[in-house]
Amino acid sequence: SYKHRDTMKAVLTITLALGLLALGHALETVNMGLMMRLTDLREAVGSRVLSDVWRTVTMGAVLGVKDFNDRNDRFTPALSSTQYSTCVAGDVQLNATMYDTQSVAKGSIMAYREAREHFKKDDGSDNLHAMVGAARSDASKPMATLGAIDGIPQMSYWSTSDALSDKSVYSYFSRSIPPDSATTK
């Protein structure tokens, strides 16, 4: 459907934006957690695996990373733009690992912790630079709180809760979709 195709494009665009984040930090590799909705613990046992629609959204994130690293502009024309020449020239690569938020707050906290642990340097210091996701606002809120404490940017492609617009709480959170209040007028 158009909505899911647009979501996939949004996820692809987010990966470009996070790659550009590297420019401000003089990074050659951006380590990112893809905080995806792979299962739904709110559902009954046996129906927790999500539909092909959600797998398509997840693949949008994977393709976004691949397209960025390959500088393939098929979905994101900005990859061939001279405006982003430092990033597009091949100086920056995205290093992404996928985590399941399980569509719930507890799952997103577990995914966040896994990502922090996975990207730790040998000396124990943090090396997670950014997160894409989560899809559900209830999963994004605790992750955005932790990200603000730790200084790790988060970009969501589906979280629409107005509460996430409060920069005093969610200072490192951003999204590619408008909040509920902007779409219900």
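Entry 1, the whole chain. I began with contacts (heavy atoms within 4.5 Å): among those in the protein chain between residues at least 6 apart in sequence, 59% join residues at least 24 apart. I noted for myself that this is a predicted model, where local features need pLDDT of at least 70, side-chain atom pairs count only at pLDDT 80 or more, and totals for chains, interfaces and linings use all residues. Residues are numbered from 1 along each chain as its sequence is written, and side-chain values use heavy atoms, with hydrogens and water left out.

Next I listed the elements, taken as DSSP runs numbered from the N terminus (helices H or I, at least four residues; strands E, at least two). I found six helices and five strands, in the order α-β-α-α-β-α-β-α-β-β-α from the N terminus on. Of the 185 residues, 44% are buried, meaning under 20% relative accessible area with a 1.4 Å probe, protein chains only.

I checked its length: the expected span is 1.5 Å times one less than the number of residues. For the 14 residues of helix 5 (137-150) that should give 20 Å, and the end C-alpha atoms are 19 Å apart, which agrees. I then looked up the buried residues and found Ser137, Ala139, Ser140, Pro142, Met143, Ala144, Gly147 and Ala148. These pack against strand 1 (29-36), helix 4 (105-118), strand 3 (130-133), strand 4 (154-156) and strand 5 (173-175). Just past the helix, I noticed that glycine 151 has a positive phi of about 75°.

From helix 4, I see Ala105, Ser108, Ile109, Tyr112 and Arg116 meeting Asp138, Ala139, Pro142, Met143, Leu146, Gly147 and Asp150 of helix 5. I sorted the residues of this contact into seven nonpolar, two polar and three charged, with Ala, Val, Leu, Ile, Met, Phe, Trp, Tyr, Cys and Pro as nonpolar, Asp, Glu, Lys and Arg as charged, and the others, Gly among them, as polar.

Is leucine 128 buried or exposed? Its relative accessibility is 5%, so leucine 128 counts as buried. Leaving aside neighbours within four places in sequence, I found leucine 128 in contact with Asn31, Met32, Gly33, Ala115, Arg116, Phe119 and Ile152.

Note on methods:
Buried < 20%, exposed > 50% of the residue type's maximum accessible area, 1.4 Å probe, protein only.
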